[in-house]
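Opening the notebook on this one. I want to see who packs against whom, then step back to the whole chain.

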Amino acid sequence: LVLLNEGKEEFKLPSIFEENETYGPEMTEVIAQQVNDCCSKKALESKLKELQEKYKMPANCKNLCVTKVNLEWWHDLSKESKNRNLGLQEVQKSVFEAAQPIIRGFELALISRSEKSKMDPLTLLPLIADSLTFLGHESYLVSLRRKEMLKPDIAKPYHLVCSKSNATTTFLFGDE
């Protein structure tokens, strides 16, 4: 929406109702490919486990964890509710995994600042790369959960589009 100020100036009002997607500048192709792969493909369990083992929750960040459902309530939940909750727990765990390299990098930056020393980019780059990998995996997990949640509302002949093996691209159920 553009307003004219007495015919002299243009002022564009931001709209949160338009569906225009805007993009920033392109990334280096290798980074873009990694981001696209992480967000759309199932991670190899062995590689993911290896990455997860690199990071442990800091001893003094006890709330950086997946919150548990109280046991006395868990037993009263339906199977469907338990499954939905477990799926969201997996996503929550991935959020905290992504936070750990960020926290480590944040602490290294603070130490560098307090010691008035330069920080070597080679120290931060692996932390940022790992965090990006975790965030992409988290996006993939959220897409899977969304498919599962929508499956009951999709006609039975089309349930295959909800499969974990059906690629998620810019469309939840694939481009086809």
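This is a predicted model: local features need pLDDT of at least 70, side-chain atom pairs count only at pLDDT 80 or more; totals for chains, interfaces and linings use all residues.

**Entry 1: Phe-134.** I started with the neighbours of Phe-134, skipping residues up to four places away in sequence. Its contacts are Leu-48, Leu-51, Gln-52 and Tyr-55, plus Ser-94, Glu-97, Ala-98 and Pro-101.

**Entry 2: the core.** Next I looked up which residues form the largest nonpolar core. Phe-134 is in it, along with Leu-48, Leu-51, Tyr-55, Ala-98 and Leu-127, which makes six residues. I then checked which elements give two or more residues to this core, and got H2 and H5. Leu-48, Leu-51, Tyr-55 and Ala-98 also turn up in the contact list of Phe-134.

**Entry 3: H2 against H5.** That sent me to the helix pair. H2 covers residues 45-54 and H5 covers residues 121-150. Their axes are 11 Å apart, and the packing angle is about 125°. The handedness of the H2 and H5 crossing came out left-handed.

For the residues at this contact, I wrote down Leu-48, Leu-51, Gln-52 and Lys-54 on the H2 side. On the H5 side they are Asp-130, Thr-133, Phe-134 and His-137. Sorted by class, the contact of H2 with H5 has three nonpolar, three polar and two charged residues.

**Entry 4: Leu-132.** Staying in H5, I picked Leu-132. Is Leu-132 buried, exposed or partly exposed? I get a relative accessible area of 33% for Leu-132; buried would need under 20% and exposed over 50%, so I noted Leu-132 as partly exposed. With neighbours within four places in sequence left aside, Leu-132 is in contact with Ile-31 and Val-35.

**Entry 5: the whole protein.** Last, the overview. I count five helices and two strands in the protein. Along the sequence the pattern reads β-β-α-α-α-α-α. How much of the protein is buried? Of the 176 residues, 20% are buried. For contacts with a separation of 6 or more, 57% join residues 24 or more positions apart. The contacts of Leu-132 with Ile-31 and Val-35 are on my page for another look, as is the H2 and H5 crossing.

Technical notes:
Residues are numbered from 1 along each chain as its sequence is written. Side-chain values use heavy atoms; hydrogens and water are left out. Axes are lines fitted to C-alpha atoms, for helices over the stretch in contact, and angles run from 0 to 180 degrees between N-to-C directions. Helices (H or I, at least four residues) and strands (E, at least two) are DSSP runs, numbered from the N terminus. A crossing is left-handed if the near helix is turned anticlockwise from the far one by less than a right angle, and right-handed if clockwise. Contact means heavy atoms within 4.5 Å. Ala, Val, Leu, Ile, Met, Phe, Trp, Tyr, Cys and Pro count as nonpolar, Asp, Glu, Lys and Arg as charged, and the others, Gly among them, as polar. A nonpolar core is a set of buried Ala, Val, Leu, Ile, Met, Phe, Trp, Tyr and Cys residues joined through side-chain atoms within 4.5 Å. Buried means under 20% relative accessible area, exposed over 50%, partly exposed in between (1.4 Å probe, protein chains only).
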